[in-house]
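Keep the structure open while reading.

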Amino acid sequence: MTPPTRDRPRGPRPLVLMRPVPGTSPVHSLWAGTKIIVAIAVAVMLAIDPSPLPIAAVGALDLAAIWLAHIPRTAFPSVPPPVWAVVLIGSAILLSAGGPPFVVIAGLHVELGGLLQFLQLSALTIVLLLTGAVLSWTTDVADVAPAIATLGRPLRRLAIPVDDLAVALSLALRSFPMLIDEFRVMNAARTLRPAPQPGGTRRVRQRIRDGVDLIATITAMMFRRADEMGDAIAARGGTGQLTAGRTKLRRPDWVALVIAGAACAIALGLDVTMGGIDGPLGRH
């Protein structure tokens, strides 16, 4: 007789950022600067040419990185129903906008130009978010500051405080997941308080007071966490330790850069050869 199993509670999966997925993989072992370079290059390419071919190339790179990094399905956040409703409403509105190409459905001439532009813009947004998510899932926060300091080394000739900016970015990324957890705890504690008394004016006043109390509590908590983090950094030797780390490209890094660069170059070359494709930002 098998023991009874407990059903796991099913609910919306929250968005988790700047928390690497545990494990080892070729993507995890890459230098953080390599992944940052690829992410910046992809963003610049899609800003210049947001056509379907470059979007498809970036999507293929993201899917390959997710497969190589063994990212589980549970790492992806669930999409709330209101988002799907907005997508359906937007699709219906842009479908009525018309434009080429034209199709004939049951004797009716339907213009798909507006719908295709909406789908293209949605795909562009998804691949950019997915690129940032892959960087977040496979990169330790402690490796970001040394990478930024190394990549920004040429800017030091312009008297730009690269190290200070890298330290500030590193501390912000370290604090982001922690503050989200603290906010969830505070919000859960607030929901345990008695419900507002019935009555329009009293209910509104009670909600305003709860909001003010929550903001004040979160602000005090942020200052407390910042003080604790400052003491911990000072005990470990100061902020100089945050920018110390591996700064050299190894063979896997060069291979990743070559693959990403080749994929982007081929996509752009094919797009130019085909004479450009109409997109949300016009003809390219």
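## The second largest pocket

In this predicted model, 23 residues line the second largest pocket. Nearest its centre lie Val27, Leu30, Leu61, Ala65 and Ala256. H2 provides the largest share, six residues.

The space in the second largest pocket comes to about 510 Å³. Its lining is made up of 18 nonpolar, three polar and two charged residues.

## Ser25

Ser25 sits in the segment before H1. Is Ser25 buried or exposed? Ser25 has a relative accessibility of 9%. The cut-off for buried is under 20%, so Ser25 counts as buried.

Which residues does Ser25 contact, leaving aside its neighbours within four places in sequence? They are Leu68, Ala69 and His70.

## Nonpolar cores

In soluble globular proteins, nonpolar side chains tend to be buried together. The largest nonpolar core here has 11 residues. They are Val21, Val27, Ala65, Ile66, Ala69, Ile71, Ala75, Leu130, Ala133, Val134 and Trp137. H2 and H4 each contribute at least two residues to this core. H4 gives the most, with four.

Another core lies apart from the largest one. This other core has eight residues, including Val42, Leu124, Val127 and Cys264.

Val27 and Ala65 belong to the largest nonpolar core and are among the residues nearest the centre of the second largest pocket. Ala69 is also in that core, and Ala69 is one of the contacts of Ser25.

Notes:
Residues numbered from 1 in each chain as written. Predicted model: local features only at pLDDT ≥ 70, side-chain atom pairs only at ≥ 80, totals over all residues. Heavy atoms only, no water. 1 Å grid on protein atoms, 1.4 Å probe; cavity = no way out; pocket = protein on both sides within 12 Å on 5 of 7 lines; lining within 4 Å. Points joined across faces, edges and corners; volume = space filled by probe spheres on them. Nonpolar A, V, L, I, M, F, W, Y, C, P; charged D, E, K, R; others polar. Buried < 20%, exposed > 50% of the residue type's maximum accessible area, 1.4 Å probe, protein only. Contact = heavy atoms within 4.5 Å. Core = buried A, V, L, I, M, F, W, Y, C linked by side-chain atoms within 4.5 Å.
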